[in-house]
Amino acid sequence: MSEEVQIDKSITGRPRIVFDLDIIEKLAGLGLRHEDIADWHDCTTRTVERRIAEDDEFCRAYKKGRSRLKARLRQAQLDACWSGSIP
């Protein structure tokens, strides 16, 4: 007797993309835009934007990466300033 596979017909659309939050944090920390992160994961920009808006963990990882980037940039600016760079 063969087994019948039950398919949940209430679920529609494509399967949800599973993002590795460590990768999201690293990519955001490199300064990649939403478009670049979407290209990296082979999805649309809208998917990344929607996930940032709807998924707290995803948003937290993205913001943490951006914050680290800003801190590194600020540190580099201060180092240049203290070393005598006029601009």
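Student: How many salt bridges does the count come to?
Tutor: Four salt bridges. Keep in mind that this is a predicted model.

Student: Which side chain does Glu25 meet in a salt bridge?
Tutor: That of Arg68, at 3.0 Å from N to O.

Student: Is Glu25 buried or exposed?
Tutor: Buried, because its relative accessibility is 16%, and the cut-off for buried is under 20%. Arg68 has 45%, so it counts as partly exposed.

Student: What about Arg33? Which residues are linked with it in a network?
Tutor: Glu35 and Asp36; salt bridges join the three. The closest N and O atoms are 3.8 Å apart for Arg33 and Glu35. For Arg33 and Asp36 they are 3.4 Å apart.

Student: How accessible are Glu35 and Asp36?
Tutor: Glu35 has a relative accessible area of 34%, so it is partly exposed. Asp36 is partly exposed too, at 26%.

Student: New topic, helix packing. At what angle do the axes of H3 and H4 cross?
Tutor: Roughly 105°, and the axes come within 6 Å. H3 covers residues 45-54 and H4 covers 56-82. That angle makes H3 roughly perpendicular to H4, because 65 to 115 degrees counts as such.

Student: Which residues meet there?
Tutor: From H3, Val48, Arg51, Ile52 and Glu54. From H4, Asp56, Phe58, Cys59 and Tyr62.

Student: How do the residues of that contact divide?
Tutor: Five are nonpolar, three are charged and none is polar.

Terms used
Residues numbered from 1 in each chain as written. Predicted model: local features only at pLDDT ≥ 70, side-chain atom pairs only at ≥ 80, totals over all residues. Heavy atoms only, no water. Axes fitted to C-alpha atoms, helices over the stretch in contact; angles between N-to-C directions. Helix = DSSP H or I, 4+ residues; strand = E, 2+ residues; numbered from the N terminus. Parallel < 35°, antiparallel > 145°, perpendicular 65-115°, else oblique. Contact = heavy atoms within 4.5 Å. Nonpolar A, V, L, I, M, F, W, Y, C, P; charged D, E, K, R; others polar. Buried < 20%, exposed > 50% of the residue type's maximum accessible area, 1.4 Å probe, protein only.
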